[in-house]
Structure formats: structure tokens, C-alpha cells
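Biologist: I am new to reading protein models. Could you walk me through some features, one by one?

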Amino acid sequence: MEQYKEQFIEFMIDCNVLKFGDFVTKSGRKTPFFVNTGFYRTGSQLARLGEYYAEAIKDKFGFDFDVLFGPAYKGIPLSVATTMAIANKYDADIRYCSNRKEIKDHGDKGILLGSPINDGDKVVIIEDVTTAGTSIQETLPIVKAQGDVDLLGLVVSVDRMERGQGEKSALMEIEENYGLKTTAIVTMAEVVEHLYNKPYKGKVVIDDTLKAAIDAYYEQYGVK
């Protein structure tokens, strides 16, 4: 596993973003693990997060695209932090864009924040986590309504590696249904591999009991 992936897993734990226990996802699934990017709360945390996203984007897409689109609300800081990281570390100037939940009728009118999206633009969408693929259904029409764009793909922080609407993983369904490439900074398999029965800061994060709960979750919701 690449070093930046291992560092990112530990970074999520340090920021209280990756949690283990009893949770319910947006799609209504009871889960023993939860990823909440709302817990990235400081400037230094957002700066590092942007660097990890930039690394994942470089690996999958390179930087030959025009706009990084982050759906409201969580995608707004993600798109800003990541385009800044790409500029600072890789000297590539990608435009950031997000949507408003409500259309503004004065001043900077319209539904978009940041850069407009123009005909011919190559666009990558950035999100926090995709469980069942529901959020991308809301995002794609917004982007496509802006013009004749070339949607390259989707990057998320964690691939939960579970079924979407059908029998395939949510990210695989997005690839097949919308023709988008998808990637994640890390997968849950990589998280488990890095943390299972290995102490981090003096504590084993995933012990045998938690591993059994995660395995049971994937028995129910994992890709067959």
C-alpha cells in the first residue's frame, strides 16, 4: 500500500473522521464504521486533506482537466482545499466550482459558486464518501445543465466497497451507469488491512470483535 494511503488512514483517525461503533448511513444501513468529513475543521487539516485528494486525483486522472466540482455542502471546502493543493504542490491551476442549494437572484446570480462551467470543459467531481450512489444522481444534472462538458470522473475519500442500488459496488455502478471513472484515496479493505490488530498510538483500533462486525456487515452489504 502506498505510504500516502497509510498516512491518510491515520489522519482520519486523528481528526475523528473515521469512527467505529454503531451508526446508520444516509441510505439507511446499520454500519459498524462511519466516515464523517465534517470533522475536518481546521486550516491545517483541510490543507492536508486537499493534498491527499490531490494525490489520488494525480494517480487516476492526472491534471489534464479544467474544473473540480464539489457538490454543496461538504463538497465546497473539498473542492477549494484540493484545487489549492494541486496548485501549490503540482503547479497546475484547476478551477473550483460548487453549487448552491438555492438559486441566488441578486449580485453573483445563479446556482454556482466559484468558476463557471463552460462548453468543452473537462470536469472531475469531488465528494466525501459514496455509500449507495444516491448523491451523484443529484449532482450530474447540475453539472450537465451548465453546458456541453466532458465529465471525466468522481473522486471520493473512502470507497466503502459495498453494494449500491443493485449487486455491484456503488462506485462500479456509477462507472457503468454514467460512464465515469471513479477513484478513492483509500478503500475500506485498505483501512482494515492497515489497522487490524496493529496498534496505532498505543491502541488497537480494529480488534477481533470489530473485525467480525465489519465482516458481518460485508456479508450483508458487500459485493457478491
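Modeller: Start with a caution about records. UniProt annotations may be inferred rather than shown by experiment. Here, the UniProt annotation "binding site", from an unreviewed entry, covers T131 and R160. Keep in mind too that this is a predicted model.

Biologist: Where is R160 placed, among the helices and strands?

Modeller: R160 sits in the loop between β8 (150–159) and α5 (170–178).

Biologist: Is R160 buried or exposed?

Modeller: Buried means under 20% relative accessible area. R160 has a relative accessible area of 2%, so it counts as buried.

Biologist: Which side chain does the side chain of R160 make a polar contact with?

Modeller: Look for a pair of N or O atoms within 3.5 Å. The side chain of R160 makes such a polar contact with the side chain of T31, at 2.9 Å.

Biologist: Now helix packing. What describes two packed helices?

Modeller: Two things: the angle between their axes and the distance between the axes. Take helix α2 (residues 43–60) and helix α3 (residues 75–90). Their axes come within 7 Å and cross at roughly 70 degrees. Therefore α2 is roughly perpendicular to α3.

Biologist: Which residues make that contact?

Modeller: From α2 come L46, L49, G50, E51, Y53, A54, E55, I57 and K58. From α3 come P77, L78, A81, T82, A85, I86, K89 and Y90. The residues of this contact of α2 with α3 divide into eleven nonpolar, two polar and four charged.

Biologist: At what angle do α1 and helix α6 pack?

Modeller: α1 and helix α6 (residues 188–195) pack at about 85 degrees, with their axes 10 Å apart. So α1 is roughly perpendicular to α6. On the α1 side, the contact is made by K5, E6, I9, E10, M12 and I13. On the α6 side, E190, V191, H194 and L195 take part. Five residues of this contact of α1 with α6 are nonpolar, one is polar and four are charged.

Biologist: What does the side chain of Q45 reach, and which residues does Q45 touch?

Modeller: The side chain of Q45 reaches the backbone nitrogen of R41 at 2.7 Å. Leaving out residues up to four places away in sequence, Q45 touches F11, C15, F39 and Y40.

Biologist: Next, the backbone. Which residues have a positive phi although they are not glycines?

Modeller: Check N16, where phi is about 65 degrees. N16 lies in the loop between α1 (3–14) and β1 (18–24). D91 is another case, with a phi of about 60 degrees. D91 lies in the loop between α3 and β4 (95–104).

Biologist: How do I class the accessibility of N16 and D91?

Modeller: Exposed means over 50%, and partly exposed lies between that and the buried cut-off. N16 has 38% relative accessibility, so N16 is partly exposed. D91 has a relative accessible area of 72%, so D91 is exposed.

How values were computed: Residues numbered from 1 in each chain as written. Predicted model: local features only at pLDDT ≥ 70, side-chain atom pairs only at ≥ 80, totals over all residues. Heavy atoms only, no water. Axes fitted to C-alpha atoms, helices over the stretch in contact; angles between N-to-C directions. Helix = DSSP H or I, 4+ residues; strand = E, 2+ residues; numbered from the N terminus. Parallel < 35°, antiparallel > 145°, perpendicular 65-115°, else oblique. Contact = heavy atoms within 4.5 Å. Nonpolar A, V, L, I, M, F, W, Y, C, P; charged D, E, K, R; others polar. Polar contact = N/O pair within 3.5 Å; in protein donor to acceptor, adjacent residues only side chain to side chain. Buried < 20%, exposed > 50% of the residue type's maximum accessible area, 1.4 Å probe, protein only.
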